[in-house]
Amino acid sequence: MRRIAYMILRRFYLAPIYFFRIWWYSWHLDRYDAEKCYKLLRELTILANRSGKVTIEAHGTENIPKEDGFVFFPNHQGLYDVLAFLESCPRPFRPVMKKEVCNVILVKQVRLLMRGFCMDREDIRGSIKVIGEMAEAVKNGDNCLIFPEGTRSRNGNQLLEFKGGSFKCAMKAKAPIVPVALIDSYQAFDTGSVKPVTVQIHYLPPILYESYCGMKTTEIAQLVRSRIQQTIDREKERQ
């Protein structure tokens, strides 16, 4: 959290302006479409990353499907993860956020701008409903993001188990699954350091519905996890 304060302090003269713009957009979503809201958030994210000495190395952006209506499935390292997407991904997407942060000041406004979903991990019925809403959104051409681990790892670049249920949204929508490997993302907000950090984000080749339609969701989860793990292992060996 020290880096967040550091980002704000280094651009203290701009922070009130951006906070006001985000607040204003969130109250007037009828005036600002997803593209305009996303453009604002990307602009702020790039500025914050420069101020906070965070460098994003994006790989495989050519793997992002050309047509909308797909789902990102990244590993979950920490509070910073979505910001890595905001700088590197040129297309708007709707993230799933845990209920505990959905109404936190500023996070709530960002969620509204991104048309994000709130999920209570303890409410199974409610979670199923959110998955259904995501599937409908993807069918209608929205792009979504859900962390299949369900919670951040808290163990650096080590992965937790991927939950099969999270893949039902893609399966119901018959949508491309885009595995995404995040590396060293936890170092941005979860270590208490403000030293320069480089976060890698690897967009892996999409898995089309035709390739996974005969698989169980648990099998899809294992497949996606293995591809992300292989990418992390390869990149860590190079360092």
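These legends walk through close-up views of cysteines in a predicted model. Residues are numbered from 1 along each chain as its sequence is written, and side-chain values use heavy atoms, with hydrogens and water left out. Because the model is predicted, local features need pLDDT of at least 70 and side-chain atom pairs count only at pLDDT 80 or more, while totals for chains, interfaces and linings use all residues.

**View 1. The disulfide between Cys102 and Cys118.** The structure holds one disulfide, a term used here for a pair of cysteine sulfur atoms within 2.5 Å. Cys102 and Cys118 are joined with an S to S distance of 1.9 Å. The pair links distant parts of the chain, 16 residues apart: Cys102 sits in helix H5 (residues 99-102) and Cys118 in strand E4 (residues 117-119). Helices (H or I, at least four residues) and strands (E, at least two) are DSSP runs, numbered from the N terminus.

**View 2. Handedness and surroundings of Cys102 and Cys118.** The torsion about their S-S bond is about -135°, so the disulfide is left-handed. Cys102 is buried at 1% relative accessible area, whereas Cys118 is partly exposed at 29%. Here, buried means under 20% relative accessible area, exposed over 50%, and partly exposed in between (1.4 Å probe, protein chains only).

**View 3. Cys169, a buried cysteine.** Cys169 has 0% relative accessibility. Its closest cysteine sulfur belongs to Cys144, and the 6.8 Å between the sulfurs is too far for a bond.

**View 4. Cys213, a partly exposed cysteine.** The relative accessible area of Cys213 is 41%. For the sulfur of Cys213, the closest cysteine sulfur is in Cys169, 16 Å away and too far for a bond.
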